Amino acid sequence: MSVHEQNNNTTIPVVILSGFLGTGKTTLLKQWLQWSMEQGLKPAVVMNEAGEVNLDGQLLPADVAMKEMLNGCICCSMRGDFGLKLYELVQEEQPDIIYVECTGIAEPMELVDSITEISLYTNVVLTSIVTLADAKHLADLFIPDSGAERGTSNRKMMHLLKEQVRAAQLILLNKADLATVEQLEAVKLRLREWNAGARIEVTSHAKVEPELWRSCMDAKVSHTAAGKSNSSAGEHHHHHTHDAVTVWTYTMPRAVDSERFEQWLMSLPANVYRAKGIVSFTDTTKRYMFQFAYRATEFVPITPQGDVKDVIVVIGEQMDTAALEQSLQACE
Ligand SMILES: Nc1nc2c(ncn2[C@@H]2O[C@H](COP(=O)(O)OP(=O)(O)OP(=O)(O)O)[C@@H](O)[C@H]2O)c(=O)[nH]1
């Protein structure tokens with residue numbers, strides 16, 4: 001009997017992948033999907049993207065069942081729809097495991113109730129919330145007297161990061177390759193203050209031992225384990241901390257010069273947290289998926305699945321999109 005058949009009469013683990021913009025959620029998901037399939041399991045994915053296009057989905061195997069939730073956040077505006085998508089995924093696919101990739105601005109604790117509710121109608125059970133944190137980004141935010149923690153914008157971001165960390169049973173302190181040993185230690189201490197109960201693993205490119213992945217399917221998350229008991233009344237917010245974050249999606253009318261485009265990315269202002277997209281260059285025939293996260297860029301040749309136009313998604317706060325568009329046009 002295959003693992004899939006064995007699982008039919010039991011529960012379907014749901015694993016939530018959370019973490020700020022560009023911390024490595026999709027990188028982890030790719031690895032865990034591969035392991036799932038190698039073990040004869042049938043995985044499925046709920047992919048939430050803040051922008052109008054499912055760019056992360058382009059990086060996953062085409063045969064993995066997926067429900068897309070675009071242009072919003074499953075922890076607030078799309079929360080009702082999230083339960084429905086989970087339900088549909090179970091009915092249509094009967095997967096062995098479901099991974100939920102949140103947007104980088106989601107508060108994962110908000111999903112616990114939705115999953116508990118849907119588990120009354122289907123055999124899903126939330127087994128783990130995994131939060132990824134960018135070691136270098138956090139180190140820069142935490143350095144005393146750098147001024148990074150000052151200002152409303154950073155305070156809001158800090159609150160969101162804290163919520164994501166507090167919700168987790170497993171925290172991956174990722175991008176360790178970009179941080180010093182001292183920075184890793186300092187960040188680890190702070191993560192421990194925020195969440196005393198979670199397991200913390202230091203990772204590069206979200207690489208973990210298969211054992212850790214297995215343990216994420218076996219556990220069970222209760223409301224208290226998900227940090228609800230940690231929330232003091234004084235810290236309760238009616239508005240989500242990410243309300244100020246906006247997404248600008250821009251369809252590229254034509255190919256751009258590769259060097260000028262890279263310069264454009266590197267000159268993006270500090271209020272831009274993340275950019276990604278698919279572009280064509282005038283100096284090469286291939287199309288590229290690009291990533292811009294915390295000042296680092298990556299370009300990977302891609303043949304998109306389906307009819308996907310060249311598109312750019314930029315996420316930040318109080319962005320001057322007219323100026324961004326103008327400077328982008330100068331790359332043509
Ligand atoms: N140097 C370094 N880069 C990494 C590491 N992990 C991921 N990256 C890169 O960081 C960028 C963002 O990674 P993703 O996996 O797309 O991050 P994400 O959390 O899914 O991002 P969002 O789509 O914003 O939610 C990509 O270019 C990755 O290749 C790491 O440990 N070290």
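User: How many cavities of 30 Å³ or more are there?

Analyst: The count comes to three. A cavity is a set of points on a 1 Å grid over the protein atoms alone, where a 1.4 Å probe fits but cannot get out. Points are joined across faces, edges and corners, and a volume is the space filled by probe spheres set on them. This is a predicted model: local features need pLDDT of at least 70, side-chain atom pairs count only at pLDDT 80 or more, and totals for chains, interfaces and linings use all residues. Residues are numbered from 1 along each chain as its sequence is written, and side-chain values use heavy atoms, with hydrogens and water left out.

User: What volume does the largest cavity have?

Analyst: About 70 Å³. Its lining residues, those with an atom within 4 Å of a point, include Phe-20, Asp-134 and Trp-194.

User: Which elements give two or more residues to that lining?

Analyst: Strand 5 (124–134), helix 5 (135–142) and helix 6 (152–166). Strand 5 gives the most, with four residues. Helices (H or I, at least four residues) and strands (E, at least two) are DSSP runs, numbered from the N terminus.

User: How do the lining residues divide into nonpolar, polar and charged?

Analyst: Seven are nonpolar, four polar and one charged. Ala, Val, Leu, Ile, Met, Phe, Trp, Tyr, Cys and Pro count as nonpolar; Asp, Glu, Lys and Arg as charged; the others, Gly among them, as polar.

User: New topic. Is strand 4 buried or exposed?

Analyst: Five of the five residues in strand 4 (residues 97–101) are buried. Buried means under 20% relative accessible area, exposed over 50%, partly exposed in between (1.4 Å probe, protein chains only).

User: Which residues sit on which side?

Analyst: Ile-97, Tyr-99 and Glu-101 are on one side of strand 4, with Ile-98 and Val-100 on the other. In a regular strand the side chains alternate between the two faces of the sheet.

User: Which strands pair with strand 4?

Analyst: Strand 1 (residues 12–19) pairs with strand 4 in the parallel sense over four bridges. Strand 2 (residues 43–49) also runs parallel to strand 4, joined by five bridges. Two strands pair if DSSP finds at least two bridges between them.

User: What does Leu-70 touch?

Analyst: Leaving out residues up to four places away in sequence, Leu-70 touches Glu-49, Gly-51, Glu-52, Val-53, Asn-54 and Met-78. Contact means heavy atoms within 4.5 Å.

Conventions: On a 1 Å grid over the protein atoms alone, a cavity is a set of points where a 1.4 Å probe fits but cannot get out, and a pocket is an open set with protein on both sides within 12 Å along at least five of seven lines; lining residues have an atom within 4 Å of a point.
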